[in-house]
Amino acid sequence: VSSSWNVGIINGLSGWTVSVDDVPADTIARRFRYDVALVSTLKDLEEDIMEGLRERGLDDSTCTSGFTVVVKESCDGMGDVSEKQGGGPAVPEKAVRFSFTVMSITVQAEGEEEAVTIFQEQKPNSELSCRPLCLMFVDESDHEMLTAILGPVVAERKAMKESRLILSIGGLLRSFRFYFRGTGYDEKMVREVEGLEASGSTYICTLCDSTRAEASQNMVLHSITRSHEENLERYEIWRTNPFSESADELRDRVKGVSAKPFMETQPTLDALHCDIGNATEFYKIFQDEIGEMYQKNNPPREERRRWRSILDKQLRKKLKLKPVMRMNGNYARRLMTHEAVKVVCELVPSEERRKALTELMELYLQMKPVWRSTCPARDCPDQLCRYSFNSQRFAELLSTTFKYRYEGKITNYLHKTLAHVP
């Protein structure tokens, strides 16, 4: 890093000639230079680093190299940020934020076998430990714009992967290397930056190559196979079509990779959207059970609407749960409870179906802490041990008792919950 590392905020399009016409280029993005932001973060953590060295009984004068910093990267759209009263510059009314969190710092002292952790972020999911790197007035679905602005960020990150940062900490120059882990992306963003088709695709998973039909046949046994390197290789095949195949054969060969991946992400499951996606599914199962859907085929829309309003009325009366236009995290958390399923069962005519519904929720609540927790082995070891067993039983229920709903189809997050959390 140059000696004048206090570069401050720079134009987000730096490194690109001004080619963005209809929007004034100086308003479209603001960002910090990545290396500068990391230096400033490490300077912020200077006391924690020195404290950590002391606690571990390390002599800080001998620890000048061998520091490793693990950085979690996150990127998400920020929805509607339009000016409510108007009158500002003409910019898109959506925004995207790219940020990072320093997860841990370890040091390998000379002559030592093991690296020692000297700093660990206690609240890695808190807004307090999250450092914004780049703010853009861009719609997250505008792929071209997103790549144009994040291009330089990716280039800087790539340069830092290969090099060492030498920085004065506690009055001595020390050498740091960085590992970047892109885990703070939701499924939509992962698909976008990794070149996969959108989430309605037959290739339902960002972690494995399964199709929707396969995932509903075999609900639990899938291993994580996708990776950034492989996506890049597949894109090359898609681009060159070396075997002169038809579009369908080609698409099957590359498993839905049909754009160039430009940012490396780590395979993860986004817990909040997992909550929301699964709660949406349960909400629909509740409606179907109230209407005894398993006995009918293709009931008219009006009838389904009636079931829905019965469900909403009941939830509002007994749980003070107001209906929402679109499922959100708070609603999901309150819907996925023993109380809610009890209340819904009051409307389900058959005793046998009530039992199945209760067991389904019971299993779900056993599984949930595992993917909500930052460190399941520490926070909920028992549920972790039982996870595979529970997910198998859950899948069995779906494919027998609730077969009417899962014949040949399954939602993306239900697939991930059952197949990839273990």
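In this predicted model, Tyr34, Asp35 and Leu38 of helix 1 meet Val153, Glu156, Arg157 and Met160 of helix 3. By class, this contact of helix 1 with helix 3 has 4 nonpolar, no polar and 3 charged residues.

**Helix packing**

- Two packed helices are described by the angle between their axes and the distance between the axes.
- Helix 1 comprises residues 34-44 and helix 3 comprises residues 143-162; their axes are 9 Å apart and form an angle of about 60°.
- Helix 1 and helix 3 are therefore oblique to each other.
- Helix 6 (residues 228-240) and helix 7 (residues 247-254) have axes that come within 9 Å and cross at roughly 170°.
- Because angles over 145 degrees count as roughly antiparallel, helix 6 and helix 7 are described as roughly antiparallel to each other.
- On the side of helix 6, the contact is made by Arg234, Ile237 and Trp238, and on the side of helix 7 by Leu250, Arg251, Arg253 and Val254.
- Sorted by class, the residues in the contact of helix 6 with helix 7 are 4 nonpolar, no polar and 3 charged.

**Strand pairing**

- Strand 3 (residues 67-80) pairs with strand 4 (residues 94-107) in the antiparallel sense, over 12 bridges.
- Within this pairing, glutamate 73 has phenylalanine 100 of strand 4 as its bridge partner.
- Strand 3 is also joined to strand 8 (residues 172-185) by 8 bridges, and these two strands run parallel.
- Threonine 68 stands opposite arginine 177 of strand 8, and cysteine 75 stands opposite tyrosine 185 of strand 8.
- Strand 8 pairs with strand 7 (residues 165-169) as well, in the antiparallel sense and over 5 bridges.
- Serine 168 stands opposite leucine 173 of strand 8.
- Strand 7 and strand 8 form a hairpin with 2 residues between them, and glycine 170 in the turn has a positive phi of about 65°.
- In a regular strand the side chains alternate between the two faces of the sheet.

**Aromatic pairs**

- The structure holds 11 aromatic pairs.
- One of these is formed by tyrosine 34 and phenylalanine 98, which are arranged edge-to-face, with 6.4 Å from centre to centre and 85° between the planes.
- Tyrosine 34 belongs to helix 1 and phenylalanine 98 to strand 4, so this pair ties together parts that are 64 residues apart in sequence.
- Tyrosine 34 is also among the residues of helix 1 that meet helix 3.

**Annotated spans**

- An unreviewed UniProt entry lists residues 203-265 as "domain: V(D)J recombination-activating protein 1 ZnC2".
- Residues 203-265 are 43% helix and 0% strand, and the C-alpha atoms at the ends of this span are 18 Å apart.
- For residues 267-422, the annotation in the unreviewed UniProt entry is "domain: V(D)J recombination-activating protein 1 ZnH2".
- The span of residues 267-422 is 71% helix and 0% strand, and its end C-alpha atoms lie 13 Å apart.

Notes: Residues numbered from 1 in each chain as written. Predicted model: local features only at pLDDT ≥ 70, side-chain atom pairs only at ≥ 80, totals over all residues. Heavy atoms only, no water. Axes fitted to C-alpha atoms, helices over the stretch in contact; angles between N-to-C directions. Helix = DSSP H or I, 4+ residues; strand = E, 2+ residues; numbered from the N terminus. Parallel < 35°, antiparallel > 145°, perpendicular 65-115°, else oblique. Contact = heavy atoms within 4.5 Å. Nonpolar A, V, L, I, M, F, W, Y, C, P; charged D, E, K, R; others polar. UniProt positions renumbered as here; feature names shortened; annotations may be inferred. Pairing = 2+ DSSP bridges. Phe/Tyr/Trp six-rings, centres within 6.5 Å; stacked < 30°, edge-to-face > 60°.
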